[in-house]
Amino acid sequence: MLQDIREVLISEEELQTKIKELGATLSEEYRERNPLIICVLKGAALFMADLVKKMDVHLEMDFMDVSSYGSSTKSSGEVKIIKDLNTSVEGRDVLIVEDIIDSGLTLKYLVELLEHRKAKSVKIVTLLDKPHHRKVDLTADITGFTVPDEFVVGYGLDYAEKYRNLPFIGVLKPHVYEGQ
Ligand code: 5GP
Ligand code: MG
Ligand code: MG
């Protein structure tokens, strides 16, 4: 697997240092609010797992799976709920945990859905932001890292369902795509 990596953009150590910082910020923000932390599957699973361990507050977790990408590297612009929440968001302080924001379409849809379901507040923490391809006006409340306009993998992010288990964020060698 490692032989497919062209470049490491964010190392394991940089990720963990940042997540500790984000956890401290979020602990302040959500003290005594019993937030519902929503992981957008599957990409945000590793980030969510590390982030909640750095949050020293009572919180609840739930998971949602939406699709806008399939296994290709381009956004289709369509958002479909594959797995919905098990928890009611009505009156709750909700924090959406996302892996990366690209077009912003997925999150815009999710935020509107949760507001429609009467969440008390909806905020977004994203590990990565790729601001170049925004199609809608959307910014995360908290961003870990801004990344260049390249398709990145690792630490939860896949290419054709692979590479999620890399401990860092990296870019693949071109031959990996050509082998499709
Ligand atoms: P958006 O709706 O903002 O265009 O897309 C968000 C989703 O597309 C992300 O949650 C992620 O699953 C996928 N995505 C966007 N950019 C990348 C990327 O560079 N690498 C990977 N692996 N997934 C991406
Ligand atoms: Mg995602
Ligand atoms: Mg994907």
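1. Strand and helix names here follow DSSP runs (E of at least two residues for strands, H or I of at least four for helices), numbered from the N terminus. S5 and S6 pair in the parallel sense, over eight bridges; two strands count as paired if DSSP finds at least two bridges between them.

2. A word on the ground rules: this is a predicted model, in which local features need pLDDT of at least 70 and side-chain atom pairs count only at pLDDT 80 or more, while totals for chains, interfaces and linings use all residues. Residues are numbered from 1 along each chain as its sequence is written, and chains are lettered from A and ligands numbered from 1 in the order in which they are written.

3. Now the sheet as a whole. Six strands make an open sheet with mixed pairing, in the order S4-S3-S2-S5-S6-S7. The edges are held by S4 (80–83) and S7 (142–146); each has a single partner strand, so one side of each is left without a neighbour in the sheet. On average, neighbouring strands are turned by 30° against each other, direction ignored.

4. H2 touches S2, S3 (60–67), S5 and S6, and its direction makes about 155° with that of S2. H3 lies across S3, S5 and S6, running at about 170° to S5. The angles run from 0 to 180 degrees between N-to-C directions, with axes fitted to C-alpha atoms (for helices, over the stretch in contact). Contact here is C-beta atoms, placed from the backbone, within 7 Å.

5. Which residues of H2 are buried? They are Leu-46, Phe-47, Met-48 and Leu-51, and they pack against H1, S2, S5 and S6. Buried stands for 20 or more other C-beta atoms within 10 Å of the residue's own, exposed for 12 or fewer, and partly exposed for anything in between.

6. The largest nonpolar core has 41 residues, and Ile-38, Phe-47, Val-94, Ile-96 and Val-97 have the most contacts inside it. Such a core is a set of buried Ala, Val, Leu, Ile, Met, Phe, Trp, Tyr and Cys residues joined through C-beta atoms within 7 Å. Its largest share, six residues, comes from S5. As for Val-94, its contacts include Pro-35, Ile-38, Leu-114 and Val-122, leaving aside residues up to four places away in sequence.

7. What surrounds ligand 1? Its shell has 20 residues, the closest being Asp-102, Ser-103, Leu-105, Thr-106 and Leu-157; a residue belongs if its C-beta atom, placed from the backbone, lies within 6 Å. S5 gives the largest share, four residues. By class the shell has nine nonpolar, six polar and five charged residues, where Ala, Val, Leu, Ile, Met, Phe, Trp, Tyr, Cys and Pro are nonpolar, Asp, Glu, Lys and Arg charged, and the others, Gly among them, polar.

8. Finally, some backbone details to look at. A cis peptide bond, with omega about -10°, joins Leu-41 and Lys-42, and Lys-42 is found in the loop between S2 and H2. Glu-32, in the loop between H1 and S2, has a positive phi near 65°; this residue counts as exposed because it has 6 C-beta neighbours inside 10 Å. Ala-160, in the loop between S8 and S9, has phi near 50° and, with 13 C-beta neighbours inside 10 Å, counts as partly exposed.

Definitions and conventions
Contact = placed C-beta atoms within 7 Å.
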